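Me: Could you walk me through reading ring contacts in a model? I'd like the general idea, then the case here.

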Amino acid sequence: MNAKFVYIIMKEYFKDQDKLKQYINVAEQIDIDEMYADLNYRFKRHRKIKLVRESLKYAALILIVLGLPYFFYKVSIKKTSTVISKTDIIKPRPNDARLVFEDGNYINLSSLVDTSMLNKAGVEFDKISSTVRYKIDDIENELIPKRIVVPRGAEINVMLSDGTKVYLNSESELEFPKKFIGKYRKVKMKGEAFYKVKKNEEHPFIVETSHVSIIVTGTKFNIKAYSDEGNIQTTLVEGGVDVYYGVDRKKKVSIVPSQQADFLKKDGELKVKNVDTHFYTAWLERKFVFKDQTLEDIMIILSRWYDIEVFFQNPELKKFIFSGELDRYDSINKILDCIEKTGDIDVKIDNRTVILRKRQMY
């Protein structure tokens with residue numbers, strides 16, 4: 001493998017030559033000795049694999065482009081000067097959610113010691129699976145909370161009275177009746193949630209967001225509908241859904257598995273595209289999966305999960321492109337360390353504020 005061969009491959013992969021140059025510049029900074037030693041150790045049991053040391057720099061470039069986890073975790077960059085504070089360890093806080101009653105009173109699951117109030121409300125909470133269950137035999141109980149609020153830095157699962165499972169991501173809300181009455185089973189949501197809807201063709205399930213409504217009879221899908229984002233994405237994993245939008249929500253689009261309905265709030269249009277659903281549901285598997293995403297978008301996702309504020313000292317850093325797969329339950333320090341190892345960015349943590357700045361090369 002040589003530079004000319006890799007360049008031909010990369011030229012076909014990238015239509016944007018500036019992006020190609022960015023990746024080549026990163027590859028040029030890789031510490032080949034350390035990478036060679038690490039890869040050689042990993043492959044030593046596989047006798048058919050021979051590593052050519054001089055080719056590793058170009059192999060690393062392909063790893064970068066393909067977004068393989070190895071690049072994020074293992075590639076060392078020359079002249080790295082880590083400034084992440086060892087004392088400011090920021091981790092997510094699962095099992096943190098608020099059950100809100102109709103009168104405004106609420107229960108905080110994170111500080112719950114006495115479960116008697118939950119029992120009176122007809123609710124069970126399993127800390128191991130982070131699941132809130134509503135007792136079907138106690139559904140007439142007037143004390144049953146009708147809304148669940150998940151703060152930044154947390155997630156929770158909900159089993160509704162009809163058997164539908166809802167997985168709520170951080171900074172999300174779900175509003176629902178204590179009992180589904182009539183033809184439709186209707187809920188309202190903000191933020192992000194994955195639904196496993198209990199099949200019932202006679203009583204369709206409706207999810208209402210700020211701009212679109214999703215109607216299903218029994219299926220699995222993810223909805224991302226944060227108020228501070230410019231679009232609402234409905235990604236279908238299994239079954240079929242109808243997405244209603246527009247004035248009075250009279251326009252309809254139907255999607256099939258591995259398709260996404262992407263509604264743009266600004267112009268009111270909806271686009272359907274084929275997607276790899278793994279990128280949109282990896283959070284259920286405790287993973288962050290990024291593919292050609294800007295650093296700005298990545299930090300928005302991380303800020304919700306770790307409950308942090310992010311400040312870009314150099315605005316041009318927002319447009320840097322990253323790909324990779326990371327453990328969602330790691331401390332953010334490990335993730336930021338991976339970002340630092342690109343060689344272009346310094347990261348500083350001040351309490352719960354993450355500051356990103358362009359590295360000064362001397």
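**Rings and their partners**

Reply: Start with a charge over a ring: Arg98 has its charged end over the ring of Tyr106, 4.0 Å from the centre. The rule asks for NZ of Lys or CZ of Arg within 6 Å of the ring centre and within 35 degrees of the ring normal. Likewise, the charged end of Arg328 sits over the Trp305 ring, 3.6 Å from its centre. This is a predicted model, where local features need pLDDT of at least 70, side-chain atom pairs count only at pLDDT 80 or more, and totals for chains, interfaces and linings use all residues. Residues are numbered from 1 along each chain as its sequence is written, and side-chain values use heavy atoms, with hydrogens and water left out.

Me: How many aromatic pairs does the structure hold?

Reply: A pair of aromatic rings is described by the distance of the centres and the angle of the planes. There are 8 aromatic pairs here (rings of Phe, Tyr and Trp, its six-membered ring, with centres within 6.5 Å; planes under 30 degrees apart are stacked, over 60 edge-to-face, the rest tilted). Take Phe180 and Phe205: their centres are 6.2 Å apart and their planes at 65°, so the pair is edge-to-face.

Me: Are Phe180 and Phe205 buried or exposed?

Reply: Phe180 is buried, at 17% relative accessible area, and Phe205 is buried at 0% (buried is under 20%, exposed over 50%, partly exposed in between; 1.4 Å probe, protein chains only). Phe180, Tyr195, Phe205 and Phe221 form one aromatic cluster.
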